[in-house]
Amino acid sequence: MSNREIEIIEITLLLEAIFLRYGYDFRSYSGAHIRRRVRRHLELSGLENISVMQHRVLTDPEFFQTLLYDLSINVTEMFRDPSFFLAVRNKVVPILATHPFIKVWHAGCASGEELYSMAILLREEGLFPRLQLYGTDFNDLVLHKAKEGIISSTAIKEYTKNYQEAGGKTTFSDYYTAKYGRALLSPDLKEKILFANHNLVMDQVFGEMQMIVCRNVLIYFSRELQNRVIRLFYDSLCRGGILCLGSRESLNFTDVSDKFDRLDEKERIFQKKYTKGT
Ligand SMILES: C[S@@+](CC[C@H](N)C(=O)[O-])C[C@H]1O[C@@H](n2cnc3c(N)ncnc32)[C@H](O)[C@@H]1O
């Protein structure tokens, strides 16, 4: 048996151990992604091999937390992919505006930048009074950061550019206060946001939503798991509800593909059909 084959067995056992001990299910994540992250964590931890790491995970919850952080990629930014936000402004806002109350769920929100960007955009478009935003992630560390509403002050220049390209109506600096090398987002943006721990693999429908945004999360899942999660989104959306995915994600191969209209194929914005009985 080759070293590679042994490594695959060790990783399978590690993921099983994580699931049995902590209930986090990484068994359906993309194999290549998990292998890269586990190897990286092994190197950083200085442990001998993956089997030793498995024992450590079982007996040391704090060690598990650091591994959990490594298994999930938390990269995000304000107005990431500005053309996506511009499309939301031009094509989605008129649809959302037809609802008396608007609930938007950002699944896999990481440290919240995407969610705060959406709050800014929907406020500028006059939808704030009837809006409720939900931000969920399965990683408590990033959720904690998200609740603080602090963004990187070194990235402000880039975020300002993104904001403008996304059709921003005022200036980005209206939305934060810079202090001690950090930028604190306006507290009134937070008023409309609830953060919660939610695991897309294990938890159920989150409530009936007018829009679900889940970008750059599904790429780490196997096709089977993507299919399951997209079904969860389908069940969580109202008729005519909007689903937004990341630029490298698709619902074309999923069971519910033909139950959505393509509102903007390039920006991965879909609308659940109004058809009765679905
Ligand atoms: C790359 S970030 C994407 C952040 C943001 N959506 C964006 O596009 O800028 C991926 C996030 O998905 C979260 N995630 C991964 N698997 C998850 C799961 N099973 N349930 C909930 N969140 C998950 C990770 O913790 C991470 O914060």
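How are α1 and α3 oriented to each other? I started my notebook with that.

**Entry 1: ground rules.** I am looking at a predicted model, where local features need pLDDT of at least 70, side-chain atom pairs count only at pLDDT 80 or more, and totals for chains, interfaces and linings use all residues. I number residues from 1 along each chain as its sequence is written.

**Entry 2: the whole protein.** I found 10 helices and 10 strands in the protein; these are DSSP runs numbered from the N terminus, helices being H or I with at least four residues and strands E with at least two. The C-alpha trace spans about 60 × 55 × 25 Å along its principal axes.

**Entry 3: α1 and α3.** Helix α1 (residues 3-22) packs with helix α3 (residues 50-59) at an angle of about 5°, the axes 9 Å apart. Axes are lines fitted to C-alpha atoms, for helices over the stretch in contact, and angles between N-to-C directions run from 0 to 180 degrees. So α1 and α3 are roughly parallel to each other (under 35 degrees; over 145 is roughly antiparallel, 65 to 115 roughly perpendicular, the rest oblique). Among the residues making the contact I noted Leu14 and Ile18 of α1 and Met53 and Val57 of α3 (in contact means C-beta atoms, placed from the backbone, within 7 Å).

**Entry 4: α2 and α4.** Next I checked helix α2 (residues 31-45) and helix α4 (residues 61-71), whose axes come within 9 Å and cross at roughly 135°. They are therefore oblique to each other. Arg37, Arg40 and His41 of α2 meet Leu67, Asp70 and Leu71 of α4 in this contact.

**Entry 5: the ligand.** Which residues come nearest the ligand? I listed Ser72, Thr76, Gly108, Ala110 and Asn216, out of 21 residues around the ligand (a residue is near if its C-beta atom, placed from the backbone, lies within 6 Å).

Terms used:
Two residues are in contact if their C-beta atoms, placed from the backbone, lie within 7 Å.
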